[in-house]
Amino acid sequence: MVVQAYILIQTDVGKAAEVAREIAQINGVTLAEDVTGPYDVIVRAEAKNVDELGKLVVSKVQNLDGITRTLTCPVVHI
């Protein structure tokens with residue numbers, strides 16, 4: 001079963017569009033959009049399991065320049 005999550009991202013001022021473009025290229029990311037509000041970029045991602053999702057966020061997303069904070073929200077299926 002695939003684990004899906006939304007990753008809410010805060011960026012440095014003026015970096016949201018660039019961060020969204022870079023994240024959209026990461027394998028496992030299905031959607032990345034720059035938005036307004038308390039977060040600057042919202043990402044939809046998927047992985048084989050929770051461990052792989054964590055690796056995606058820590059090793060690929062959080063390492064990008066311009067990101068100041070992330071919040072990962074796994075999707076709960078009923």
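Colleague: Why are Lys55 and Glu52 about one helical turn apart?

Modeller: Both sit in helix H2, three residues apart, so about one helical turn separates them. This is a predicted model.

Colleague: What makes the contact of Lys55 and Glu52 a salt bridge?

Modeller: The N to O distance is 3.5 Å. The cut-off is a Lys or Arg side-chain nitrogen within 4 Å of an Asp or Glu carboxyl oxygen. The distance of 3.5 Å is within 4 Å, so the pair counts as a salt bridge. Side chains of opposite charge can pair when their charged atoms come close.

Colleague: How many salt bridges does a search of the whole structure find?

Modeller: Two. One joins Lys55 and Glu52. Another joins Glu18 and Lys15.

Colleague: How do you know that Glu18 and Lys15 qualify?

Modeller: Their closest N and O atoms are 3.8 Å apart. The limit is 4 Å, so this pair passes.

Colleague: Why is Val58 called exposed?

Modeller: Exposed means over 50% relative accessible area. Val58 has 51%, so Val58 is exposed. Val58 is found in helix H2.

Colleague: How far is Val58 from Gln4?

Modeller: The C-alpha atoms are 16 Å apart in space. In sequence, Val58 and Gln4 are 54 residues apart.

Colleague: What is the class of Lys60, and where is Lys60 found?

Modeller: Lys60 is found in helix H2. Its relative accessible area is 41%, so Lys60 is partly exposed. The C-alpha atoms of Lys60 and Ile26 are separated by 7.5 Å. Along the chain, Lys60 and Ile26 are 34 residues apart.

Colleague: Which residues line the largest pocket?

Modeller: The lining is Asn27, Gly28, Glu46, Ala47, Lys48, Glu52, Lys55, Leu56 and Lys60. Two elements, E3 and H2, each give two or more residues to that lining. The largest share, four residues, comes from H2. The pocket volume is about 190 Å³.

Colleague: What makes Asn27 a lining residue of that pocket?

Modeller: A lining residue has an atom within 4 Å of a pocket point. Asn27 is listed in the lining, so Asn27 meets that cut-off.

Colleague: Which residues make the nonpolar surface patch?

Modeller: Tyr6, Val35 and Ile42 make the patch, about 210 Å² in area.

Colleague: Where do Tyr6 and Ile42 lie?

Modeller: Tyr6 is found in strand E1, residues 3–11. Ile42 lies in strand E3, residues 41–47. The C-alpha atoms of Tyr6 and Leu31 are separated by 9.3 Å. Tyr6 and Leu31 are 25 residues apart along the chain.

Colleague: What does UniProt list for residues 7–76?

Modeller: The unreviewed entry lists "domain: Transcription regulator AsnC/Lrp ligand binding". Over residues 7–76 the chain is 30% helix and 37% strand. The end C-alpha atoms of that stretch are 14 Å apart.

Note on methods
Residues are numbered from 1 along each chain as its sequence is written. This is a predicted model: local features need pLDDT of at least 70, side-chain atom pairs count only at pLDDT 80 or more; totals for chains, interfaces and linings use all residues. Side-chain values use heavy atoms; hydrogens and water are left out. UniProt positions are given in the numbering used here, feature names are shortened, and annotations may be inferred rather than shown by experiment. Patches are made of residues with over 30% relative accessible area and no salt bridge: like charges are joined within 9 Å, nonpolar side chains (Val, Leu, Ile, Met, Phe, Trp, Tyr) within 5 Å. Accessible areas come from the Shrake-Rupley method with a 1.4 Å probe; for residues, only the protein chains shown count as cover. On a 1 Å grid over the protein atoms alone, a cavity is a set of points where a 1.4 Å probe fits but cannot get out, and a pocket is an open set with protein on both sides within 12 Å along at least five of seven lines; lining residues have an atom within 4 Å of a point. Grid points are joined across faces, edges and corners, and a volume is the space filled by probe spheres set on the points. Buried means under 20% relative accessible area, exposed over 50%, partly exposed in between (1.4 Å probe, protein chains only).
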